[in-house]
Amino acid sequence: MSTPPYFHPLQHYPGFEPHEVELFSRFQAENLEPKPGFLTSFMGVRTRCTTLAEPQRAQDGQILPMPVPGDYHAEAVEYIGLLKSVLAAKGQFVAIELGAGWGPWLVDGAIAAKRAGITDIRLVGVEADAEHYEFLRQHFRDNGLDPDAHRLIKAAVGAAVGKARWPKAPDAANQWGTRPARVVDGTNLDAHDANYLESLAPEYIDIDIVDIADLLAMEPLWDLAHIDVQGWEVTVCQRAAALMRERVRYVIIGTHSRKLDGDIYDHFHREGWVLEHEKPTRMVYTPGTKELESMNLADGTQVWRNPRLS
């Protein structure tokens, strides 16, 4: 019998320690039953298949296992960060998701909080795409949450109130990587964003930008801020640095380029946060590409804990 090849542990990088998988079993729902037209997670969260990209719809009617090393949507580190934020909550669970899409982290957080015995749950979701915003409201209803009892805002998030142009996707369920293009003087686009729109050559609609500082000022304490705004992450985190230090326990950030990985790492490290988990962006180098984000093969994730509030 041949000896299996040896791999150094650093060559396999899950982003979490083996013992942390135990977190999932603490939130495992029992006696789950599949429902046609939906994916059902290990916690019992139901996701409507028509809101997902075409390849993911092949799992229609399935009950999904614990997401280790990941699932159709995210890697284990992102779920572990979410569950840690729920366990750190004290009597209430207050969360904000920026670039919410269909609101997976808000709804997963709410269901996990309920399983942890928390009934005071307050959620804020910000999503710019009109169709994705309707997916967000529907996802709440599909999981027993009243969207009107929370704050769901149809807008983009930025470092200041303003206007942007949003690429209009012909098929919203298959398009999740768009971001706003900033309007700098009422009519003209930021040069970087003009290149972005030109690369897509889409139709666009005008949308509002809300200031992240105004959003974080809504609550005195946030158990979780989940941020995935397709390249604006550093800008909004720098803008809200003081409020985040004072009011946010956990931050989970989606990253979209190696440069963004490093810039976010540098920002939170300098701000005194503790990095608990991370997986870097995976990219494929494409000569001549104007946008680093366009070389993104799979998003990265960083999970930061605020030691001042833990």
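This is a predicted model: local features need pLDDT of at least 70, side-chain atom pairs count only at pLDDT 80 or more; totals for chains, interfaces and linings use all residues.
## The chain as a whole

The protein chain contains 9 helices and 15 strands, and buried residues make up 49% of its 310 residues.

## Helix H3

Helix H3 covers residues 104-115, and at 1.5 Å a residue its 12 residues should span 16 Å, which agrees with the 16 Å that separates its end C-alpha atoms. Just after H3, Gly 117 takes a positive phi of about 90°.

Because 10 of the 12 residues of H3 are buried, a term that stands here for under 20% relative accessible area, the helix is largely enclosed by the rest of the structure. The buried residues include Trp 105, Leu 106, Val 107 and Ile 111, and also Asp 108 and Gly 109. What do the buried residues of H3 pack against? Their partners are the helices H2 (76-88) and H4 (130-142), together with the strands S3 (92-98), S4 (120-127), S5 (151-154) and S10 (222-227).

## Strand S10 and its partners

Strand S10, one of the elements against which H3 packs, has 6 of its 6 residues buried, so this strand too is largely enclosed by the rest of the structure. S10 pairs with S3 in the parallel sense over 4 bridges, and within this pairing Ile 227 of S10 is the bridge partner of Leu 98. S10 is also joined by 5 bridges to strand S11 (residues 248-255), with the two strands running parallel, and here Trp 222 stands opposite Val 248 in S11.

In soluble globular proteins, nonpolar side chains tend to be buried together. In this model the largest nonpolar core has 38 residues, of which Met 43, Phe 93, Leu 123 and Phe 140 touch the most other members. The elements that give two or more residues to this core are helix H1 (22-26), H2, S3, H3, S4, H4 and S11. A second, separate core of 35 residues includes Val 94, Leu 215, Ile 253 and Leu 260.

Technical notes: Residues are numbered from 1 along each chain as its sequence is written. Side-chain values use heavy atoms; hydrogens and water are left out. The expected span of a helix is 1.5 Å times one less than its number of residues. Buried means under 20% relative accessible area, exposed over 50%, partly exposed in between (1.4 Å probe, protein chains only). Contact means heavy atoms within 4.5 Å. Two strands pair if DSSP finds at least two bridges between them. A nonpolar core is a set of buried Ala, Val, Leu, Ile, Met, Phe, Trp, Tyr and Cys residues joined through side-chain atoms within 4.5 Å.
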